[in-house]
Amino acid sequence: MSYFVHESSYIDDSVTIGEGTKIWHFCHIQPKSRIGKNCSFGQNVNVAENVKIGDGVKVQNNVSIYEGVELEDYVFCGPSMVFTNDLTPRAKYPKGKAGYKRTLVKTGASIGANATIVCGHTIGKWAMIAAGAVVTTDVPDYALFAGVPARQIGWVCECGQTLTEHFMCQKCGIQYGLEEDNGKEKY
């Protein structure tokens, strides 16, 4: 086996797990899910059926990744953050897979502890969601979102540093800029 699974975890049939991935205590990886290389799953992580997770993803303790959610490469999910997959759930009137909305978290995005990502949205590449935020809209690439409901409060570098008003990273020295894209500013 080219990956590690703690003896207290359950890996169902027809799961693909990449080389170097570590799955720690009390996790459950459900059928037909695909996990990339060099990922890390903390205690009590649930990966639902048909979920796709890229390479280098880090999922902290107590996170459930429900069907309809996709994590691209190098995504960080903080402790106890929440994904949803149904906008109008009812115990008495379950919709099943027909009611699931797709959520995409693009390469390098980070989601802070106890944040909630309401389904049906895209979190842009290298975006950062603050701890405790409730995301109810799409998040642009490199955007910093915070609050309830979450709103953009700035921009972040790929390294995670907040950018200056001139879109400069004081840690890496990288200069970013805005581009026009169909009449909208694009970061």
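Analyst: With a relative accessibility of 1%, C169 counts as buried (under 20% relative accessible area; exposed is over 50%, and partly exposed lies in between; 1.4 Å probe, protein chains only). The model is predicted, so local features need pLDDT of at least 70 and side-chain atom pairs count only at pLDDT 80 or more, while totals for chains, interfaces and linings use all residues. Residues are numbered from 1 along each chain as its sequence is written, and side-chain values use heavy atoms, without hydrogens and water.

The closest cysteine sulfur to that of C169 belongs to C157, at 3.7 Å, which is too far for a bond. A disulfide requires two cysteine sulfur atoms within 2.5 Å, and the whole structure has zero of them. C77 is likewise in no disulfide, with the nearest cysteine sulfur, in C39, 10 Å away.

Beyond its neighbours within four places in sequence, I53 is in contact (heavy atoms within 4.5 Å) with residues including C39, F41, I65 and L71.

I53 has L71 of strand 12 as its bridge partner. Strands here are DSSP E runs of at least two residues, numbered from the N terminus, and two strands pair if DSSP finds at least two bridges between them. Strand 9 (residues 52-53) pairs with strand 12 in the parallel sense over two bridges, within an open six-stranded sheet of order 3-6-9-12-15-18. Strand 3 (16-17) and strand 18 (122-123) each have a single partner strand, so one side of each is left without a neighbour in the sheet.

Methods. Helices (H or I, at least four residues) and strands (E, at least two) are DSSP runs, numbered from the N terminus.
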